[in-house]
Amino acid sequence: MSTNGKVVAAFEELAVLSEILGENAFKVNALRRSARTLEALTSDVCAMEKSALLAMDGIGASTVAKIQEFAASGTMQELVDLRARVPAGLTQLLQIQGLGPKTVRAMWTDLGIENLAALKASIDSGAIAKLPRMGPKSVENLKEGIAFLEQSRGRIRIGEALPIAEALVAELGALPSVQRIAYAGSLRRGRETIGDIDVLAASTDASALMERFRTREDVAKVLATGETKTSVLTKHGIQIDLRVVPLDRFGSAWLYFTGSTDHNIRLRERAISQGMRLNEYGLFPAGEDGSIAEGTLPVASVEEADIHAALGLQWIPPTMREDRGEIEAFAIGVEAPCVIQQSDIRAELHCHTVASDGGMTIDEIIANAQARGFHTIAITDHSKGQAQANGLDETRLLAHIDAIHAARARFPAMQIWAGSEVDILLDGALDYDDKLLAKLDWVVASPHAALKQDPQLATARMLRAIRHPLVHVIGHPTGRIVNGRPGLELAMDELFAAAREHNTALEINAQHLRLDLRDADVRGAVNAGCMIAIDCDVHSSEDFGELRYGVLTAQRGWLSASQCLNAMDAKALNAWRMQKR
DNA sequence: GCCGTTTTCGGCCCGACTGTTTTCAGTCG
């Protein structure tokens with residue numbers, strides 16, 4: 001785990017342990033917020049100046065002292081103390097749905113339950129019923145919560161969740177009684193993983209809609225169902241919540257259920273400071289005491305943008321709603337950031353043909369790109385070190401370059417470049433010599449091996465590739481797999497500075513398994529002034545469809561079209577290419 | 001634990017749902 005990862009984990013653990021010990025909930029929240037804030041950093045938190053840390057919202061003297069203690073000693077005394085007081089097995093109990101810190105604490109102090117096995121035993125023996133407020137229904141729910149935890153898949157990748165949500169929205173949206181329907185939550189915000197799918201609908205016949213939702217073929221279990229909310233578990237182990245709201249309150253509900261929680265809190269604070277109250281039913285004028293009088297009509301509730309406007313804000317894209325400065329950036333009168341849209345993308349600069357490990361021929365891949373309205377494609381098969389991917393040796397590469405250039409006659413409207421995805425070797429050298437690289441129109445340099453390399457060596461390795469005068473783009477810079485492997489631990493700020501200095505672009509690999517760079521690192525790169533490439537790393541025709549995940553990640557990093565290679569016009573892109581030739 | 005254009009102390013976003021109560025605590029998003 002990276003140093004920052006360890007500090008973030010320490011604050012999260014402090015929050016959980018404090019919660020079990022019955023600490024003030026606001027303190028627990030503050031600890032969690034510190035963890036989330038630090039998680040978004042791209043520089044080494046232990047090397048940061050005290051003033052820079054304190055300048056961040058939600059980071060105070062106590063948090064800084066803990067960070068400095070960790071930097072000096074590799075630990076935090078308070079964490080050591082709390083671990084000594086709380087049995088390790090209790091934190092797992094908090095993951096059970098419906099079981100919170102108060103009940104876990106009571107289980108521990110009243111019944112001596114210290115882990116999941118002991119909890120199950122107390123359920124079997126009936127001892128659990130001795131706890132206050134623990135009636136038969138609660139015990140039943142506890143059993144189900146444990147069963148769900150043991151079969152839960154945890155957070156699923158966005159590339160799995162988004163198609164499911166879209167299909168569901170299309171299916172239910174086709175019902176005549178459904179007036180409006182959309183997905184919300186972290187899925188709408190474009191997070192790389194999703195806990196559950198939230199769908200929001202307005203309907204003239206809510207009970208029929210709920211009935212249809214409950215009885216879909218894909219549903220394995222109905223977790224809860226009522227007038228306004230139904231939760232189901234699908235056969236693939238994914239929880240889907242459907243909420244029904246009045247049509248004229250759809251905007252406020254959509255805003256509310258899209259989140260993030262931290263963003264919602266900021267919006268509500270803003271409403272209060274302007275003499276209003278915000279909830280899922282709308283933005284309301286508040287009385288003298290701050291309450292909403294019975295029967296008060298909302299100032300805004302139909303569309304999200306109405307509510308934003310009434311709060312003195314421009315509409316904020318969902319991907320940016322993470323309490324990372326977006327509320328200040330979108331105030332009316334401020335020139336708001338204009339994030340990139342999928343329609344801005346006009347080039348694919350990283351793809352593989354049958355020459356290495358792709359499924360399409362040169363002509364097929366170009367035709368695909370052309371059909372998508374692209375003006376440029378760079379074909380970048382693997383270099384010789386990728387033997388398992390049928391990487392090209394020097395002889396094959398020279399013939400491949402000729403074959404790609406020959407395709408230009410057949411696709412006169414397209415700008416077609418012969419490139420390579422060349423391996424960055426362990427010491428940062430490239431897998432082809434410079435003479436051969438110079439013959440290529442386009443060079444993507446990527447790490448594929450030794451992805452557990454020592455952080456200092458890994459950083460030096462990547463810096464050497466960034467500084468190479470013939471390299472255009474660094475492909476999937478960390479080599480991570482979402483929910484799979486962490487990838488290289490890199491000093492990102494050093495990479496950004498070098499990429500800016502040498503005018504080497506950094507890739508957002510759009511494959512939902514990769515999303516590399518991740519969102520927070522995109523933000524760091526954007527702030528450092530780096531150029532970004534959003535590429536699908538195409539191996540098959542369907543891979544072009546991964547673009548949406550790359551764009552969502554780019555938006556989460558506040559990338560504008562002006563900093564994205566794939567959004568340039570053909571001439572400008574070629575001019576950018578030529579500065580490396 | 002954090003924070004301050006009334007405050008350096010005393011607040012801190014908001015409502016729904018559930019199951020357990022005899023008026024509400026706990027959990028969730």
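Modeller: Let's start with a cut-off: a residue is called exposed when its relative accessible area is over 50%, and buried when that area is under 20%. Bear in mind that this is a predicted model.

Colleague: Why is Asn483 called exposed, then?

Modeller: Asn483 has 54% relative accessibility, and the cut-off is over 50%, so Asn483 counts as exposed. Asn483 sits in the loop between β14 (473-474) and α21. Asn483 also has a positive phi of about 60°, although it is not a glycine.

Colleague: What makes Trp558 buried or exposed?

Modeller: The relative accessible area of Trp558 is 15%, and buried means under 20%, so Trp558 is buried. Its phi is positive too, about 60°, and Trp558 is not a glycine. You'll find Trp558 in the loop between α23 and α24 (570-578).

Colleague: And how do you know whether Gln453 counts as buried or exposed?

Modeller: Gln453 comes out at 15% relative accessibility, with the limit for buried at under 20%, so Gln453 counts as buried. Gln453 is in the loop between β13 (442-446) and α20. Leaving out residues up to four places away in sequence, Gln453 touches Leu426, Ala458, Arg461 and Leu488. The C-alpha atoms of Gln453 and Ile474 are separated by 17 Å, and these two residues are 21 apart along the chain.

Colleague: Let's move to helices. Why are α20 and α21 called roughly parallel?

Modeller: The axes of α20 (residues 455-467) and α21 (residues 492-502) cross at roughly 10°. Angles under 35 degrees count as roughly parallel, so α20 and α21 get that label. Their axes come within 9 Å.

Colleague: Which residues in α20 and α21 meet?

Modeller: From α20 there are Thr459, Met462, Leu463, Ile466 and Arg467, and they meet Glu494, Leu495, Ala498, Ala499 and His502 in α21. The residues of this contact between α20 and α21 divide into six nonpolar, two polar and two charged.

Colleague: Which residues of α1 and α4 meet?

Modeller: Thr3, Lys6, Val7, Phe11 and Leu14 in α1 meet Thr63, Lys66, Ile67 and Phe70 in α4. The residues of the contact of α1 with α4 divide into five nonpolar, two polar and two charged.

Colleague: How do you know that α22 is largely enclosed?

Modeller: Helix α22 covers residues 519-528, and eight of its 10 residues are buried, so α22 is largely enclosed by the rest of the structure. The buried ones are Asp519, Ala520, Asp521, Val522, Arg523, Gly524, Ala525 and Val526. They pack against α21, β15 (505-509), β16 (532-535) and α23 (547-556). Gly529 follows α22 and has a positive phi, near 90°.

Colleague: What makes the peptide bond from Asp516 to Leu517 stand apart as cis or trans?

Modeller: Omega for that bond from Asp516 to Leu517 is near 5°, and the bond is cis. Leu517 is in the loop between β15 and α22. Gly259 and Ser260 are also joined by a cis peptide bond, with omega about -5°. Ser260 lies in the loop between α13 (250-258) and α14 (261-273).

Colleague: Last one, for the whole chain. How do you know that the radius of gyration of chain A agrees with a compact globule?

Modeller: For 581 residues, a compact globule would have a radius of gyration near 25 Å, and chain A has 26 Å, which agrees. The C-alpha atoms of chain A fill a box of roughly 75 × 60 × 50 Å along the principal axes. Chain A has 24 helices and 16 strands, and buried residues make up 52% of its 581 residues. Among contacts in chain A between residues at least 6 apart in sequence, 67% join residues at least 24 apart.

Terms used. Residues numbered from 1 in each chain as written. Chains lettered and ligands numbered in written order. Predicted model: local features only at pLDDT ≥ 70, side-chain atom pairs only at ≥ 80, totals over all residues. Heavy atoms only, no water. Contact = heavy atoms within 4.5 Å. Helix = DSSP H or I, 4+ residues; strand = E, 2+ residues; numbered from the N terminus. Nonpolar A, V, L, I, M, F, W, Y, C, P; charged D, E, K, R; others polar. Rg over C-alpha atoms; globule rule 2.2 N^0.38 Å. Buried < 20%, exposed > 50% of the residue type's maximum accessible area, 1.4 Å probe, protein only. Axes fitted to C-alpha atoms, helices over the stretch in contact; angles between N-to-C directions. Parallel < 35°, antiparallel > 145°, perpendicular 65-115°, else oblique.
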